[in-house]
Number of protein chains: 2
Amino acid sequence: MREKELIKTIKSVLNSEYIGDDCAYLSDLGITYSQDSLVEDVHFSLKFTDAYMLGYKTAMVNISDICASGAKPLYMTVSLSLPCNIGKEFVKSFYEGVKSACGDVKVVGGDITGSGKIYISASIIGSAKGRRISSRSNAKAGYKVIVSGEHGSSAKGLELLLSGKTELNKFTKAHLMPQARVDFSEMIAKLAREDYAMTDSSDGLADACMQIAKASGVTISIDTSKIPHDASVDIQTVLYGGEDYELVAVVPEGLLKNISGYTIIGEVIRGESGLMIDNVFFSDIDDKIFNHFKEENER
Amino acid sequence: MREKELIKTIKSVLNSEYIGDDCAYLSDLGITYSQDSLVEDVHFSLKFTDAYMLGYKTAMVNISDICASGAKPLYMTVSLSLPCNIGKEFVKSFYEGVKSACGDVKVVGGDITGSGKIYISASIIGSAKGRRISSRSNAKAGYKVIVSGEHGSSAKGLELLLSGKTELNKFTKAHLMPQARVDFSEMIAKLAREDYAMTDSSDGLADACMQIAKASGVTISIDTSKIPHDASVDIQTVLYGGEDYELVAVVPEGLLKNISGYTIIGEVIRGESGLMIDNVFFSDIDDKIFNHFKEENER
C-alpha cells in the first residue's frame with residue numbers, strides 16, 4: 001500500500017486537520033468537499049468499459065464520497081484528459097454518462113486537456129444543511145455497525161472481466177456502473193441525533209471498518225455470517241474486495257428503530273484500535289486488500 | 001484549438017448555465033468553485049521545472065481562477081498521479097510547493113494514485129462573502145479595460161526554457177512560479193458597486209479580452225501602447241503569450257477613482273462581439289494564441 005505511505009507524507013507536510021474522511025467538512029461554508037481521480041490502466045481499462053460507463057462511474061464514485069459524509073450532493077467539476085486520437089464522440093458519450101449518474105447534481109466546471117492516457121479527476125460539493133455530518137473518528141463502544149447492501153459483487157465483477165467474461169450482469173455492472181447510496185446516506189444524516197461514523201466501501205468492507213476503528217481508537221467486531229453478499233461470492237472477496245460503494249455506518253443503537261434498509265454486521269467494543277473478524281483480532285489488514293489494476297501498477 | 005471545440009460538445013451535453021467563467025458562482029452556497037489540471041509534457045516538462053515549483057504553480061493557477069471571480073480563495077483539494085518510480089521526496093517537495101503558494105488557503109483533500117506520466121488536478125473554493133462576483137458577460141459600453149501587471153513575461157520565459165536557457169530569472173520565474181493577483185482581486189471585488197467582468201490571462205491577454213467581449217456581446221478596444229510589459233518582450237508575445245495569470249478587469253469608470261495599481265489599456269464600445277487591437281477589428285483570434293506544450297500535443 002504505497003498510497004497510504006504517501007498520504008502520511010502529504011499529511012505531515014500539510015499538517016491539515018481535514019484529511020482523513022471521505023470528504024472535508026467545511027463547517028464555515030456548510031459544505032462537504034472531495035476530489036477523486038480515475039486513471040486509465042490503474043483504475044479502469046478500455047478493454048472492459050466504455051466512455052459512457054466511465055463517465056457514469058466517475059460521477060458515482062464522487063457522489064459516494066459525499067454520501068459517506070452524510071451531506072446532500074449538489075455540485076461537481078470534472079476534468080478529463082485524453083489522447084488526441086480519441087474523438088468528440090468519446091467526450092460526448094463520457095459526459096452523457098456523467099449526466100445520467102448525476103441526476104440532480106449539477107456539473108459546473110472542470111477542464112479538458114491532452115494527455116498520453118485517459119485521466120479523469122472530479123471534485124464534488126455537498127450541502128450539510130439539515131444533516132448531521134459523519135466522521136470516521138466518531139465510533140464509540142456500544143455503537144452498531146450497519147451496511148447499506150451487498151459486498152463483494154464489484155470485485156467478483158472485476159474477476160469476471162479479467163477472465164474474459166465481459167457481458168454485463170449483476171457483478172460486472174456492480175464494477176462498471178456502481179450506485180452511490182444517496183437515499184441511505186440522507187436517511188442516516190437527517191435522523192441521527194448523535195454523532196456517528198460513516199464511510200463508503202470503496203477499498204472494501206474490512207478496510208472501511210478498519211479505517212473507522214483506527215480513527216476512533218476502538219475495536220470494531222464484525223460477524224462475517226451477517227454480511228449481505230451474493231451466495232456465489234466467497235467471504236475473502238466479500239471482506240477485502242473493493243469498489244462496492246456501499247455505505248458502512250457505525251451508529252448509536254437508538255438510531256436503528258428510526259431507519260430501515262440496513263443490515264447489522266457487528267458492533268464497537270472497547271479495546272485496541274483494530275478489527276475483530278469472527279473473534280480474530282487484526283491490527284492491520286493492508287496486505288489483504290486487493291484491487292487488481294492498482295496492484296499491477298503500484299508494484 | 002481542439003479544446004474549445006470539445007468544450008462546446010460538453011456544454012451541449014450538460015446544458016449547464018455555470019460553464020463559461022473561470023469559476024462557477026454557486027450563489028446558494030455563497031462560494032465560487034473551479035478545477036484546473038496540469039499534465040506532464042502538455043503543460044509542463046520536468047526538463048524545466050521541479051516538484052516544488054510544480055506544486056507551487058498548481059496552487060497558484062487554481063488560486064488565480066478564484067481571484068478572477070473576485071472571491072476569497074479558501075479551500076483546495078489536490079490530486080496527484082505519478083509513476084511508481086517517482087519517490088517520496090518528490091511528493092514531499094511537491095506539497096511543500098503547494099503549501100508555500102497557498103498561504104492562508106487550506107488544502108483539505110484530494111488523492112494520490114499511480115499513472116504513467118505525472119498528472120495533477122486541483123479544485124478550489126472561494127468565499128463570495130462581502131465581495132461582488134465577476135462574470136465575463138458583465139462588460140458594458142463605456143466600461144474601462146484594466147490590467148493588474150505585465151504581460152508576455154511568462155511566454156518569454158517559456159521561450160528561454162525551450163531554447164536551453166534554464167536559469168531562474170524574471171521571465172522563467174514568471175513561467176514556472178506565477179503569482180496569482182489575490183490583492184488586486186480583493187480590491188476590485190470589495191469596492192465594486194456595480195457588476196463588472198474579470199478573468200485571468202492564463203490563455204493570454206488578447207484571449208482574455210476576447211472571452212469577455214464574446215460573453216458580453218460587445219467590442220473591446222485595446223491600445224497596445226498602453227499594455228504594461230518588459231521592454232524586451234515583443235508585442236505579439238505580450239498579446240498572445242499565455243500563463244501570466246494577471247487579472248484583466250472590465251469595470252465601470254466610476255470604480256477607478258477608488259482603486260490603485262491598475263493600468264487602463266482600453267475600453268468597451270458598442271458593436272459586434274470581438275476585439276479591436278489598435279483600431280483593427282478581430283472577430284476571432286484562436287489561430288494566434290500559442291502555448292508550445294499544448295500545441296505540440298494537440299496537433
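Start by selecting B:Tyr245, which sits in the loop between helix H8 (235–240) and strand S10 (247–251) of chain B. Helices (H or I, at least four residues) and strands (E, at least two) are DSSP runs, numbered from the N terminus. B:Tyr245 has a phi near 55°, a positive value in a residue other than glycine. Is B:Tyr245 buried or exposed? B:Tyr245 is buried, as 24 other C-beta atoms lie within 10 Å. On this tour a residue is buried if 20 or more other C-beta atoms lie within 10 Å of its own, exposed if 12 or fewer, and partly exposed in between, with C-beta atoms placed from the backbone.

A word on what you are looking at: this is a predicted model, in which local features need pLDDT of at least 70 and side-chain atom pairs count only at pLDDT 80 or more, while totals for chains, interfaces and linings use all residues. Residues are numbered from 1 along each chain as its sequence is written, and chains are lettered from A and ligands numbered from 1 in the order in which they are written.

**Another positive phi**

Now select B:Asn279, in the loop between strand S12 (274–277) and strand S13 (280–282) of chain B. Its phi is near 70°, again a positive value in a residue other than glycine. B:Asn279 is exposed, with 7 other C-beta atoms within 10 Å.

**The sheet of chain B**

Show the strands of chain B next. Seven of them form an open sheet with mixed pairing, in the order S8-S10-S7-S11-S9-S12-S13. Two strands count as paired if DSSP finds at least two bridges between them. Strand S8 (197–200) and S13 of chain B are at the edges and have a single partner strand each, so one side of each is left without a neighbour in the sheet. On average, neighbouring strands of this sheet are turned by 25° against each other, direction ignored.

Within the sheet, pick strand S9 (residues 219–222) of chain B, which runs parallel to S12(B) and is joined to it by four bridges. B:Ile222 has B:Ile277 in S12(B) as its bridge partner.

**Into the core**

Which residues have the most contacts inside the largest nonpolar core? They are A:Cys209, A:Ile220, B:Cys209 and B:Ile220, in a core of 188 residues. A nonpolar core here is a set of buried Ala, Val, Leu, Ile, Met, Phe, Trp, Tyr and Cys residues joined through C-beta atoms within 7 Å. Select B:Ile220: not counting residues up to four places away in sequence, its contacts include B:Ala139, B:Val145, B:Cys209, B:Gly266 and B:Met276. Contact means that the C-beta atoms of two residues, placed from the backbone, lie within 7 Å.

**Over to chain A**

In the open sheet of chain A, seven strands follow the order S7-S9-S6-S10-S8-S11-S12, with mixed pairing. Strand S11 (residues 274–277) of chain A pairs with S12(A) in the antiparallel sense over three bridges, and A:Met276 stands opposite A:Phe281 in S12(A). Helix H2 (residues 51–69) of chain A lies across S7 and strand S9 (247–251) of chain A, at about 170° to S7(A).

Next, find A:Lys190 in helix H6 (residues 182–191) of chain A. A:Lys190 is partly exposed, with 14 other C-beta atoms within 10 Å. A:Lys190 and A:Lys129 are 61 residues apart in sequence, yet their C-alpha atoms are 9.5 Å apart in space.

**Where the chains meet**

Finally, display both chains. The contact takes 54 residues from chain A and 54 residues from chain B. On the side of chain A that touches chain B, S4(A) gives the largest share, nine residues. By class, that side has 24 nonpolar, 18 polar and twelve charged residues; Ala, Val, Leu, Ile, Met, Phe, Trp, Tyr, Cys and Pro count as nonpolar, Asp, Glu, Lys and Arg as charged, and the others, Gly among them, as polar.

The same surface serves both copies, with 100% of the contact residues of chain A recurring in chain B.

Terms used
Axes are lines fitted to C-alpha atoms, for helices over the stretch in contact, and angles run from 0 to 180 degrees between N-to-C directions.
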